[in-house]
Amino acid sequence: MADERLRKKNRLRGSKQFQLHFRQAHRRETSALVFYFKALDAEDCRLGLTVSRKVGSAVERNRVKRRLREIFRKRKAVWQGQPDRIDRGFQVVIRPKAEAVHCTYKQLDRQVQGAVERYLASPKRMEKTRRSPRRKSGE
């Protein structure tokens, strides 16, 4: 059986990792979620979550995060187990919209699966986007 744990190497952590990711990511959107995809040279799949207070109370935000982590944890083995489709890995940051609170687990699962499938089928994913780094004020 494949390793279904969501290890530290499969998560984006820290603001520097998130900032770098947002500068180089491809954006996709569904009714309740916004995805930011970035190709990786390794065959890993990595997840980052950013949930604002606009989504709801702390209880609601945490419920959405738990559901998204579980969906990613269960699906990453499938995504990594398709060598004919994944020659490089990817990392994704998911930003839920306020509507995500009202979605069931199944609805969120369908949206995540659909967005990842569209990204993996996209020829854009093979490109590495390079954006110039933002300049800090005063430079």
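Helix H3 (residues 105–121) lies across strands E1, E2 and E4, and runs at about 35° to E2. Keep in mind as you look around that this is a predicted model.

Which order do its strands take? The sheet is open and has four strands, arranged E1-E2-E4-E3 with mixed pairing. Strands E1 (26–29) and E3 (45–49) stand at the edges with a single partner strand each, so one side of each has no neighbour in the sheet. From one strand to the next, the twist averages 20°.

Strands of a sheet pair through backbone hydrogen bonds, and they can do so in a parallel or an antiparallel way. Strand E2 (residues 33–39) and strand E4 (residues 90–96) take the antiparallel sense, with seven bridges between them.

Next, the aromatic rings. How many aromatic pairs does a search of the whole structure find? There are six. One involves Phe18 and Phe22: their ring centres are 6.5 Å apart and their planes are at 35°, so the pair is tilted, between the 30 and 60 degree limits. These two residues are four apart in helix H1 (residues 15–23), which means that about one helical turn separates them.

Are Phe18 and Phe22 buried or partly exposed? The table shows each one.

| Residue | Relative accessible area | Class |
|---|---|---|
| Phe18 | 15% | buried |
| Phe22 | 32% | partly exposed |

Phe18 counts as buried because its 15% is under the 20% cut-off. Elsewhere, ring pairs link Phe35, Phe37, Phe90 and Tyr119 into a cluster.

Terms used. Residues numbered from 1 in each chain as written. Predicted model: local features only at pLDDT ≥ 70, side-chain atom pairs only at ≥ 80, totals over all residues. Heavy atoms only, no water. Pairing = 2+ DSSP bridges. Axes fitted to C-alpha atoms, helices over the stretch in contact; angles between N-to-C directions. Contact = heavy atoms within 4.5 Å. Buried < 20%, exposed > 50% of the residue type's maximum accessible area, 1.4 Å probe, protein only.
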